[in-house]
Amino acid sequence: MKAGRNFFVWLVVLVFLVMLYDVVQGTSGGGANSTEIAFSEFLQDVDGGRVSEVSIRGPYIDGKYEDGRGFSTYNPDYPGLIDDLKARGVRIEAAPVDTAMNSLFGILLSWFPILLLIGVWVFFMRQMQGGG
């Protein structure tokens with residue numbers, strides 16, 4: 001019964017570390033000073049020359065104002081957006097939508113077979129030690 005308790009403790013520690021990793025990865029992308037703005041406000045800021053750079057990932061736009069503040073918004077498939085940004089001299093970075101599962105469930109799902117094999121191996125090794 002002690003082996004089961006040890007396995008459970010290590011499993012809890014592992015889940016905690018994976019959750020901590022997921023939280024750190026989630027906060028590193030957007031930044032703490034990024035604010036969510038309406039798309040119409042974004043267009044007004046572009047027209048006013050207040051936007052210095054944008055990063056377009058699928059329908060999501062993250063960017064920075066001239067004063068260094070960050071923002072994010074959703075692009076509802078506005079056809080003239082790139083032309084407007086180019087005309088105002090905004091630095092544009094574009095990338096496809098990140099399709100990787102970046103959640104705790106995705107990480108656990110991808111690591112589950114390896115963790116299961118390690119768990120079974122540890123269980124058998126403890127059983128083989130016997131009572132000595």
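The largest nonpolar core of this predicted model comprises 14 residues, with F42, V51, V54, I61, F71, L81 and L85 making the most contacts inside it; such a core is a set of buried Ala, Val, Leu, Ile, Met, Phe, Trp, Tyr and Cys residues joined through side-chain atoms within 4.5 Å, where buried denotes under 20% relative accessible area, exposed over 50% and partly exposed the range in between (1.4 Å probe, protein chains only). Two or more residues are contributed by each of α2, β2 (51-57), β3 (60-65) and α3 (81-87), helices (H or I, at least four residues) and strands (E, at least two) being DSSP runs numbered from the N terminus. The largest share, 4 residues, is that of α2. Local features were taken only at pLDDT of at least 70 and side-chain atom pairs only at pLDDT 80 or more, whereas totals for chains, interfaces and linings use all residues. Residues are numbered from 1 along each chain as its sequence is written, and side-chain values use heavy atoms, with hydrogens and water left out.

In helix α2, the buried residues are F39, F42, L43, D45 and V46. Viewed down the axis of α2, these residues fall within an arc of 160 degrees and so line one face of the helix, the arc being that of the directions from the helix axis to the C-beta atoms. The elements covering them include β2, β3, β4 (70-74) and α3. D45, located in α2 (residues 39-47), is buried with a relative accessible area of 9%; apart from neighbours within four places in sequence, D45 is in contact (heavy atoms within 4.5 Å) with I37, R50, V51 and Y65. With the same exclusion, L85 is in contact with F42, V46, V54, I56, V90 and I92. Just after α2, G49 adopts a positive phi of about 75 degrees.

Across the whole structure, 6 aromatic pairs were found, rings of Phe, Tyr and Trp (its six-membered ring) being paired if their centres lie within 6.5 Å, and classed as stacked for planes under 30 degrees apart, edge-to-face over 60 and tilted for the rest. F39 and Y78 form an edge-to-face pair, at 5.8 Å centre to centre and 65 degrees between the planes, which links helix α2 to the loop between β4 and α3 across 39 residues. F39, F42, Y65, F71 and Y78 form one aromatic cluster.
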